[in-house]
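Dear colleague,

I am handing over the structure below, together with notes on what turned up when I went through it. Please read the notes with the coordinates open beside them.

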Amino acid sequence: MIIFYSMFTNRCHTDIPAGILQTPFFYKGNDVVNYGAIGTVIGHEITHGFDIEGKNYDIHGHKVPQWTPDSERQYLLRALCFVNQYDNFKLSLYTQVNGTRTLGENMADNVGLKQSWKAYKSNKIGQRFHLPGLTKYTNDQLFFLSYANLWCRVPTTKNDEQIQGILQDEHSPSLVRVIGSLRNSLDFAKVWNCPAGSPMNPTQKCTMW
């Protein structure tokens, strides 16, 4: 079991079991794909220590104010950007994402992707890795393809995404988890040459760190 200790909540989290170290999360010998998959998951979980709840705890697990009023204000403004952005994701004519309920998870998705990308680039993987059927893609493109593939799923019923407890789930639907994070990524837009103002490269982006 891979254990993360949160200094903000003073308890251990077993959010990433050792059994997860297999496809599609982990590919032996393929660092590019691993950064896009398991790397973003690890970044996601660590980010929870600094999310809308985790930020309120000190190193001893005590819920005490630690931020200056200005830092708190800037943090909440950035969080509000995510709330408004995800509120606009419509799954059907009458169903949409609740940006407030899913805030912590949406922030973790976005920050986890961003930090894993930075870690991947700092590793300076020089050689292009070829995957069967995907040989035309660069390493950088494979990173984002790996992230998208991580949340790929086939609904068990026609309206599965709408009926699977979305009104109570703190996570956004898988499609939104992919599109939401990638739309906020300047690196994704650059790698895939998305025109400014296009659906996957909107002018207004949300970022936390």
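Predicted model: local features only at pLDDT ≥ 70, side-chain atom pairs only at ≥ 80, totals over all residues.

Aromatic rings

A search of the whole structure gives 14 aromatic pairs. One of them joins Tyr 75 and Trp 209, whose ring centres are 5.9 Å apart and whose planes stand at 50°, which makes the pair tilted. This pair links distant parts of the chain, since Tyr 75 belongs to helix α2 (residues 69-87), while Trp 209 lies in the segment after α7 (186-191), 134 residues apart from Tyr 75. The two partners can also be described by their accessibility: Tyr 75 counts as buried because its relative accessibility is 2%, and buried means under 20%, whereas Trp 209 has a relative accessible area of 40% and is partly exposed.

A further pair is formed by Trp 117 and Phe 143, with 5.1 Å between the ring centres and an angle of 70° between the planes, so the arrangement is edge-to-face. Because Trp 117 lies in helix α3 (residues 103-123) and Phe 143 in helix α4 (residues 139-150), this contact ties together parts that are 26 residues apart in sequence. Trp 117 is buried, at 8% relative accessible area, and Phe 143 is buried as well, at 0%. Both residues also belong to a cluster linked by ring pairs, which comprises Tyr 35, Trp 117, Tyr 120, Tyr 137, Phe 143, Phe 144, Phe 188 and Trp 192.

Charges over rings

The charged end of Arg 177 sits over the ring of Trp 151, at 3.8 Å from the ring centre. For Lys 55, the charged end sits over the ring of Trp 67, and here the distance to the centre is 5.7 Å.

A helix and a glycine

Helix α6 (residues 174-183) is largely enclosed by the rest of the structure, because seven of its ten residues are buried.

Gly 49 is located in the loop between α1 (31-47) and α2, and with a relative accessible area of 8% this glycine is buried. Its C-alpha atom is separated by 9.5 Å from that of Ala 108, although the two residues are 59 residues apart along the chain.

With best regards

Notes. Residues numbered from 1 in each chain as written. Heavy atoms only, no water. Buried < 20%, exposed > 50% of the residue type's maximum accessible area, 1.4 Å probe, protein only. Helix = DSSP H or I, 4+ residues; strand = E, 2+ residues; numbered from the N terminus. Phe/Tyr/Trp six-rings, centres within 6.5 Å; stacked < 30°, edge-to-face > 60°. Lys NZ or Arg CZ within 6 Å of the ring centre and 35° of its normal.
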